[in-house]
Amino acid sequence: MSEFNQVTVVREANIFFNGGVTSRTVIFADHSKKTLGIMQPGDYEFNTSSGELMEILAGDLDVQLPGTDAWQTFTGGQAFTVGAGERFGLRVRSVTDYCCSFLP
């Protein structure tokens, strides 16, 4: 059975930063959750409630991971993780397509 057939719920749009970041939440039959979204160029800061795996599908951004002052560049095909209860910064340089998987 394909993963698509196991989707049980697709939620309404999540809109952040006056539309600069938008996503859709997808909940699977096994109760795992992902968001698929688009980020427009700009500077953003997010807080996590659970751990997250951020997969960059296309685009170009710099990320300031928790506990560091350094910025790291990520592009399409790369990913990073952020723990639960953390804050991280994003400097999106071009329209960026992403998939966020919420970690148990």
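Select Asn18 to begin: at a relative accessible area of 86%, Asn18 is exposed (exposed means over 50% relative accessible area, buried under 20%, partly exposed in between, with a 1.4 Å probe and protein chains only). The model is predicted, so local features need pLDDT of at least 70 and side-chain atom pairs count only at pLDDT 80 or more, while totals for chains, interfaces and linings use all residues. Residues are numbered from 1 along each chain as its sequence is written, and side-chain values use heavy atoms, with hydrogens and water left out.

Asn18 sits in the loop between S1 and S2; strands are DSSP runs (E, at least two residues), numbered from the N terminus. The phi of Asn18 is near 55°, a positive value in a residue other than glycine.

Next, select S2 and S3. Six of the eight residues of S2 are buried. S2 and S3 pair in the antiparallel sense over seven bridges (a pair requires at least two DSSP bridges between the strands). Within this pairing, Val21 is placed opposite Met39 of S3. Four residues separate the two strands of this hairpin. In the turn, display His31, whose phi is positive, about 75°; His31 counts as exposed, at 71% relative accessibility.

Centre the view on Phe88. Leaving aside residues up to four places away in sequence, Phe88 touches Tyr44, Glu45, Phe46, Thr48, Glu52, Val63, Gln64, Pro66, Phe80 and Val82 (contact means heavy atoms within 4.5 Å).

Finally, display the largest pocket. A pocket is an open set of points on a 1 Å grid over the protein atoms alone, where a 1.4 Å probe fits, with protein on both sides within 12 Å along at least five of seven lines; lining residues have an atom within 4 Å of a point. Its lining has 19 residues, of which Phe16, Thr35, Phe46, Glu52 and Phe102 lie nearest the centre. S8 gives the most to this lining, with five residues.
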